[in-house]
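Here are some friendly notes to read with the model open beside you. Take the points one at a time and find each part on screen as you go.

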Amino acid sequence: MKQAATGGDPIGTLFVNPGGPGASGANYVRNNIDGAVGTALQRDYDVIGWDPRGVGASSAVNCFDDAEMDEFLFGIDDDSVDLERGSAEWIAAATEESTAFGAACQENTGPLLGYVDTNSTVRDLDMLREIAGDEQLHYLGYSYGTFIGARYAETYPERVGRMVLDGVLSPSATLADVVREQTRGFESALRSYAAWCLSGEDCPLSGSVVGGSATGKSASVEAAVDAAMTRIRSVLEAVDDEPIRATDGRLLGSSTLLTAIITPLYSQSNWGYLNTLFASVAEGDADFAFALADSYYGRVDGTYEDNSTVAFSAINCLDYPRDADPERMKREAAELEQLAPTIGKFQGYGDLSCAGWPYPGVESRDKVTARGSDPILVLGTTGDPATPYQWAVDLAENLENGVLVSLEGEGHTAYGKNSCVDRVVESYLLDGTTPENGLVCR
């Protein structure tokens, strides 16, 4: 999807990717151009959002129909409820499920399924740059889009023009690294939400109980937050033991509830949804939890509007080397529960999602240096739960010509959310003005 420069005399083409993997860049520009780039950039650039291979309007990965997706994402087998998480039986059941999913993707997608990795997308992007007639790539990538940008810079450093990487997904992180750091990040964001909630009126987490003693106004803030986090974990454990049935018949277990919790944590402006979520679940109502999970999966009235969920799996299963060794996963699961006492218990064994994938992982997890490139602007938000700030710091340091700009605050990504960041990004993309490395916006 291309929007021509509104000023009529473009600097060139600005390619934009919203992340994922699996998110549609074409829809991002078509439906949310003002959220993608500011008006000044729209004036001076032709803006293009494209669907990477495997995604949306491109050659799309196809796995299940709507009913099968519902069963895959939300189905709870009566027998599986009683299996102990991490047990040999539980791992076998999860492996069987992921193998069936991979087989369906292979049958319904065909050979393309083995070629939707990020390095292949990078080559596609360079072809698009050439078609657009630009000698260098001008690029704005968010979240997973930073991985595409970083890999492009490593592959074609001499073709890097003005490149902004916002909310860095570490190019060198293993799948275990990603799960660990995102679990740590969302646990931290959830604590920040809990403190915010408790500071207001009618917080559904108030009156939490620790060791039989209710926390009151005289308790310390940290103790109150600890109690609130304990209560959240108890809610997750409760729906694991006794799932709550929604009005449409679906059963709410810990996996879906955790998705519902994580979804509003991407932006501080959405924290209020968590109040509604916890209050409704406490009353035995699962409908709002499913509404949040549905928004995450792109599900509307029982229909999946895009293939972002299956594309996410297909791309990640190629982008990360896999090792579903039970003992290693058990150790890592214990580590997750220790570093994130509230949600860590429910985050382990992520390798099982690709354990039965029909194609091996093809990406290396090497550091990106992009030697010889022009300056690359790297944005990191200190309280980003999805792409932890340290990843931005590390990438900026590893890049030969990386320039780090930090935003002190909560939420995922920085551009479009802070006037200081916006000025820096737009001066760089419009005029080529490179800010001082280490600049901090507040």
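The numbered points below go through this predicted model, from its sheet to some local details.

1. Let us start with the sheet. Eight strands make up an open sheet with mixed pairing, and their order is β1-β3-β2-β4-β5-β12-β13-β14. Its edges are β1 (2-3) and β14 (439-441); each has a single partner strand, so one side of each is left without a neighbour in the sheet.

2. Now look at one pair of strands inside that order. Strand β2 (residues 12-17) and strand β3 (residues 45-49) run parallel and are joined by five bridges. To find your place, pick out Thr 13, which stands opposite Asp 46 in β3.

3. Which strands does helix α1 lie across? Helix α1 (residues 25-36) lies across β1, β2, β3 and β4 (137-142), and its direction makes an angle of about 135° with β3.

4. Pro 21 sits in the loop between β2 and α1. The peptide bond joining Gly 20 and Pro 21 is cis, with omega at about 0°.

5. Next comes a pair of helices. Two packed helices are described by the angle between their axes and the distance between the axes. For helix α8 (residues 221-241) and helix α9 (residues 254-265), the axes come within 8 Å and cross at roughly 145°. On the α8 side, the contact is made by Ile 232, Val 235, Leu 236, Val 239 and Asp 240, while α9 brings Ser 254, Leu 257, Leu 258 and Ile 261. Sorted by type, the residues of this contact are seven nonpolar, one polar and one charged.

6. What about charged pairs? Side chains of opposite charge can pair when their charged atoms come close. The count comes to 23 salt bridges in this model. One of them is formed by the side chains of Asp 124 and Arg 53, at 2.7 Å from N to O. Asp 124 belongs to helix α5 (residues 118-132) and Arg 53 to the loop between β3 and α3 (66-74), so this pair ties together parts that are 71 residues apart in sequence.

7. How many cavities of 30 Å³ or more does the structure hold? There is one, and the space in the largest cavity is about 30 Å³. Its lining consists of Leu 175, Asn 316, Cys 317, Tyr 320, Arg 322 and Cys 354. Those lining residues divide into four nonpolar, one polar and one charged.

8. Asp 202 is found in the loop between α7 (175-198) and β6 (209-210). Its phi is near 55°, a positive value in a residue other than glycine.

Conventions. Residues numbered from 1 in each chain as written. Predicted model: local features only at pLDDT ≥ 70, side-chain atom pairs only at ≥ 80, totals over all residues. Heavy atoms only, no water. Pairing = 2+ DSSP bridges. Helix = DSSP H or I, 4+ residues; strand = E, 2+ residues; numbered from the N terminus. Contact = heavy atoms within 4.5 Å. Axes fitted to C-alpha atoms, helices over the stretch in contact; angles between N-to-C directions. Nonpolar A, V, L, I, M, F, W, Y, C, P; charged D, E, K, R; others polar. 1 Å grid on protein atoms, 1.4 Å probe; cavity = no way out; pocket = protein on both sides within 12 Å on 5 of 7 lines; lining within 4 Å. Points joined across faces, edges and corners; volume = space filled by probe spheres on them. Salt bridge = Lys/Arg side-chain N within 4 Å of Asp/Glu carboxyl O.
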